[in-house]
Amino acid sequence: MKKKIISAMLGIAMLGTLLTGCGGSDSSESKETTAKATEVEKTEASGGDETTEAKADDAAASGSHKIGVSMPTKDLQRWNQDGENMKSQLESAGYEVDLQFASNDIQTQVSQVENMISGDCELLVIASIDGDSLGTVLAQAKEKNIPVIAYDRLIMNSDAVTYYATFDNYLVGQKQGEFIEEKLDLKNAEGPFNMEIVTGDPGDNNVNFFYGGAMDVLKPYIDSGKLVVKSGQIEKADVATANWATDAAQARFEAIISSYYSDGTNLDVVLASNDSTALGVANALAANYTGTYPILTGQDCDIASVKNILADKQSMSIFKDTRDLASKVVEMVDAIINGKEIEGLDTTTYDNGKGIVPSYLCEPVFADKNNYKEILIDSGYYQESDLQ
C-alpha cells in the first residue's frame, strides 16, 4: 500500500514538473504537489503518526520560513555584530533571512520594512532608528498578521509590536552609576567632584532607561552638592546626542571643556551612556583638556573603546553579549512560528504607549581593565589580536 501511494504521488509530481516546464516557471501547484509527496513519504515512514508540531519544526528546518531583520545602521560596530549574529543563528536554525541596514535614515528603514512585508516575510525583527517612526508601516504588518519583535529598542505607539527582546537597560544605567559611586567612594568621600553627562539619541526609548538607572544612583549626590555638574546640563534633553554619533558628542564636549574646564579645573567623571559617545568624549579630552583624566563610562565594549580602556582613556564599558540576545530571539522566532509559548517574559515594565509589550531581558555585565580578558577574550567574543 505504501509503495502505491508513493508511486502515485511521484507520478503526480512528475506531471506537475512537465507542466511547469511548458509554462517557463515553477507553479505553486507543482511545489505543493511535491511537498505533499514528501509529506506522505515522511508520514508513511514514521508509521503515519507525525504530529502537527513536528511538521512545523520540519518546515522551519527546511528554510521555508522567511524572517525580516531590520537594523538601524552599519556605522556602529554593535549593529553590525547584532545583524550578523542574528542572520547566522537564524540561518543555522533553517530560516531564510532578509537582513537590511537602514543607514540611520528613518525613511530608508520604513521602505525596507515595507519591502519585507510585501516580500513574504512571516516575522519581523526590528531595531528601530526612531521608536515613534514605524507606526504606519507596522500597521501593514498587523493587517497581514505578521508578528513583530522589537529588538533592543522598543518600538513606541504601535499595537503591532508582539514582543520585545533586549538587555535590562535600566540595569545598564544602574551599573554605570554604581561604578562611579564606587570609584569616587561617594558614600564616604566629602567631595565635591565635577561631573558631566552624555546620553544618546532622544528618539531611542532606551535612553530613558540608561539615564534613569544611572541618575537614580547619582542624583542624590548631585542634589547634596557632592557631585557638581559645572555646565548645568543635567536634564535628559540637554545631554542627548543625535544618532549616538561620536562627532556630535565630541563637538558638544569640546564646547563644555572650553567653557568650564579650560583653566585647569579638574573634571572628575563623565557619565557616557555608550561607547560611541564615550569615544567622542575621549577625543575631546585628548584635544583640549589639561586636567587630571576623569572616570569615563561606556557601553557595548566596541573595539575602539576596549582599546581606550587598556590605554586608560576609558574606565569601563557595559558588555552586552549580542550572541546571547540573538540566541534568545531565534528561540522566540521558533516559538512564534511553531505556535509555542515563550517563557520567562517581563510583562510589567515596558509600555510602548499602546500597552505593555511582553519582554525578554538579558543581563549585562561591566568590563574594565581588570576583567576584560575573562569577559571578552576567553568567551571568544574577541581575539586578543583584535585589541592590538
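This is a predicted model: local features need pLDDT of at least 70, side-chain atom pairs count only at pLDDT 80 or more; totals for chains, interfaces and linings use all residues.
Does F209, by its relative accessibility, count as what: buried or exposed? At 18% relative accessibility, F209 counts as buried, because the cut-off for that label is under 20%.

- In soluble globular proteins, nonpolar side chains tend to be buried together.
- The largest nonpolar core here has 56 residues, and those touching the most other members are V69, L90, V125, I149, Y151, L227 and V333.
- Helix α8 (residues 206–224) supplies the largest share of this core, with nine residues.
- Leaving aside residues up to four places away in sequence, V333 touches I67, L90, Y95, L123, V125 and I149.
- There is also a second, separate core of 23 residues, with I117, V137, L138 and Y164 among them.

**Aromatic pairs**
- Six aromatic pairs are found in the structure.
- In one of them, F209 and Y350 have ring centres 4.8 Å apart and planes at 40 degrees, so this pair is tilted.
- F209 belongs to helix α8 and Y350 to the loop between α12 (322–337) and β11 (359–362), so the pair ties together parts 141 residues apart in sequence.
- Y350 counts as buried, at 2% relative accessibility.
- Y381 and Y382 make an edge-to-face pair, because their planes are at 70 degrees, with ring centres 4.9 Å apart; both residues are buried.
- One aromatic cluster is formed by Y164, F209 and Y350.

**Charges over rings**
- R78 lies over the face of W79, 4.1 Å from the ring centre.
- K328 has its charged end over the ring of Y360, at 4.4 Å from the centre.

Technical notes:
Residues are numbered from 1 along each chain as its sequence is written. Side-chain values use heavy atoms; hydrogens and water are left out. A nonpolar core is a set of buried Ala, Val, Leu, Ile, Met, Phe, Trp, Tyr and Cys residues joined through side-chain atoms within 4.5 Å. Buried means under 20% relative accessible area, exposed over 50%, partly exposed in between (1.4 Å probe, protein chains only). Helices (H or I, at least four residues) and strands (E, at least two) are DSSP runs, numbered from the N terminus. Contact means heavy atoms within 4.5 Å. Rings of Phe, Tyr and Trp (its six-membered ring) pair if their centres lie within 6.5 Å; planes under 30 degrees apart count as stacked, over 60 as edge-to-face and the rest as tilted. A charge sits over a ring if NZ of Lys or CZ of Arg is within 6 Å of the ring centre and within 35 degrees of the ring normal.
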